Amino acid sequence: IQKVLHVLNKLRDQVVQEGAEEEEQFDKHAKFCATTDNEKVYQIGKTEKKIAGLAADIEVLETKVSDLTTTLEETDAEIANLNNSINKTKFDRTAEVARYDAAADEMNTAVSALDRAIETMTRSE
């Protein structure tokens, strides 16, 4: 009986020691999980704040894009109007130059005729 009691006590001591070791391992694992969990929660919170900030930035930039698109369309329309005005002015100036050239040719012809008439009258005297 003594041997059986001795073996049982030895087994009990071994089980208690293994239990203590497992408890220590469990405590380490639980601490690791808690630390990791806290870290993950912190990172998730930080990332969610960053996402919210970026979403706000996107909203602001989309508004700017819309405003700039409107400004660009207005500027394109203004450029088209100015090009039309330039083309009309060029056409008008071309017509004025043609009228001026015709009038200048007519005057030059008249002056030349007068010069010839004066020369003819001067010779006939």
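**Figure 1. Surface and overall form of the protein chain.** The accessible surface of the protein chain comes to about 11,700 Å², with 61% belonging to carbon and sulfur atoms; accessible areas come from the Shrake-Rupley method with a 1.4 Å probe, and for residues only the protein chains shown count as cover. The structure is a predicted model, in which local features need pLDDT of at least 70 and side-chain atom pairs count only at pLDDT 80 or more, while totals for chains, interfaces and linings use all residues. Residues are numbered from 1 along each chain as its sequence is written, and side-chain values use heavy atoms, with hydrogens and water left out. The protein chain has one helix and zero strands; helices (H or I, at least four residues) and strands (E, at least two) are DSSP runs, numbered from the N terminus. Its radius of gyration is 52 Å, well over the 14 Å that the globule rule gives for 125 residues, so the chain is more spread out than a compact globule. The radius is taken over C-alpha atoms, and the rule is 2.2 Å times the number of residues to the power 0.38. Along its principal axes, the C-alpha trace spans about 175 × 25 × 15 Å. Of the 125 residues, 0% count as buried, where buried means under 20% relative accessible area, exposed over 50%, and partly exposed in between (1.4 Å probe, protein chains only).

Figure 2. The chain carries 16 positive and 26 negative charges, whose mean positions are 9 Å apart. Lys and Arg count as positive and Asp and Glu as negative, whereas His and the chain ends are not counted. The place of a charge is taken as NZ of Lys, CZ of Arg, CG of Asp or CD of Glu.

**Figure 3. Nonpolar surface patch that includes Leu5.** Ile1, Val4, Leu5, Val7, Leu8 and Leu11 make a nonpolar surface patch of about 600 Å². Patches are made of residues with over 30% relative accessible area and no salt bridge; like charges are joined within 9 Å, and nonpolar side chains (Val, Leu, Ile, Met, Phe, Trp, Tyr) within 5 Å. Leu5 is placed in helix H1 (residues 2-124) and is partly exposed, at a relative accessible area of 42%.

Figure 4. Side chains of opposite charge can pair when their charged atoms come close. Here the side chains of Glu24 and Lys28 form a salt bridge at 3.6 Å, N to O, the term denoting a side-chain nitrogen of Lys or Arg within 4 Å of a carboxyl oxygen of Asp or Glu. Five salt bridges are found in a search of the whole structure. Glu24 and Lys28 are four residues apart in helix H1 and thus separated by about one helical turn. Glu24 is partly exposed, with 46% relative accessibility. Phe32, also in helix H1, counts as exposed at 53%. From Phe32 to Glu22, ten residues apart in sequence, the C-alpha to C-alpha distance is 15 Å.

**Figure 5. Salt bridge of Lys88 and Asp92.** The side chains of Lys88 and Asp92 meet at 3.0 Å, N to O, in a salt bridge. Both residues belong to helix H1, where a spacing of four residues places them about one turn of the helix apart. Lys88 is exposed, with a relative accessible area of 53%, whereas Asp92 is partly exposed at 27%.

Figure 6. A salt bridge joins the side chains of Glu119 and Arg123 at 2.0 Å, N to O. Glu119 is partly exposed at 41% relative accessible area, and Arg123 is exposed at 64%. Asn108 also lies in helix H1 and is exposed, at 52%. The C-alpha atoms of Asn108 and Glu119 are separated by 16 Å, the two residues being eleven apart along the chain.
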